[in-house]
Amino acid sequence: VPTLIPVSGGDFIIVVSKRNGTSLYAPRYIYAMRYHIDGTPAWSQEVVISDEGGISSWTDIQVKPDGNDGVIVAWHDDRDSDMVSSSFVQHVDGDGNVLIAGNGVELSLNDNHQRFYPQIAGLDETGDLFLFWFETDYGQITSGLVGQSVSSLGTRLWGQKGKTIIPLGNATYGIFGADFQ
């Protein structure tokens, strides 16, 4: 499902995932494109958010405006096919420039945990991003909530594994939302 984000001048950015093939399990990639209000492209070509693969057909891709005519995109994938999902974020400015490392920044390097459904809280005045995700053990038996702040340069500011908000436990957590207050 494409996500449309309105930006200045009546323009809009569409973020979409595309499958490379017709199979439900075909590799899926994420792209963004800005259009003028009359439907003509504002950028010369689509911007690659992630072309690493590993994004399942049922993965939710979250998109939020950055407040400066750009978009922030978060998702989870298993790009190395090791049966462990990890969460990623990418930031694209209003001119179509990818502002973080190609294919996004991995929010946590905790290889022993699954990291699903990243939620974008927002972007602060310094350009730092804040995100939270649902984390489980490898077998998805216990679950918790973890967060990360990512600098405008793509540095993990809350450590390599993020900050634990709710430790792994027997309670079950569903998809949630995050926003600045």
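In this predicted model, four strands line up in the order β9-β10-β11-β12 to form an open sheet with antiparallel pairing. The edges of this sheet are taken by β9 (113-123) and β12 (163-169); each has a single partner strand, so one side of each is left without a neighbour in the sheet. On average, and with direction ignored, neighbouring strands here are turned by 20° against each other. Strand β9 runs antiparallel to β10 (residues 129-137), and eight bridges join the two. One of the residues involved is L123, whose bridge partner in β10 is L129.

Another open sheet of four strands, again with antiparallel pairing, has the order β5-β6-β7-β8. Here β5 (62-65) and β8 (105-106) are the edge strands, and each pairs on one side only. Four bridges connect β5 with the antiparallel strand β6 (residues 71-77), and K64 stands opposite I72 in β6.

In soluble globular proteins, nonpolar side chains tend to be buried together. The largest nonpolar core of this model has 17 residues, of which V15, V71 and V73 touch the most other members. Two or more residues of this core come from each of β2 (12-19), β3 (28-35), β4 (47-50), β6 and β7 (86-92). Beyond its neighbours within four places in sequence, V73 is in contact with V15, I30, I49, I61, Q62, V63, F88, V89, Q90 and I120. A second, separate core is made up of twelve residues, among them I72, I100, I120 and L131.

How values were computed. Residues are numbered from 1 along each chain as its sequence is written. This is a predicted model: local features need pLDDT of at least 70, side-chain atom pairs count only at pLDDT 80 or more; totals for chains, interfaces and linings use all residues. Side-chain values use heavy atoms; hydrogens and water are left out. Two strands pair if DSSP finds at least two bridges between them. Axes are lines fitted to C-alpha atoms, for helices over the stretch in contact, and angles run from 0 to 180 degrees between N-to-C directions. A nonpolar core is a set of buried Ala, Val, Leu, Ile, Met, Phe, Trp, Tyr and Cys residues joined through side-chain atoms within 4.5 Å. Buried means under 20% relative accessible area, exposed over 50%, partly exposed in between (1.4 Å probe, protein chains only). Contact means heavy atoms within 4.5 Å.
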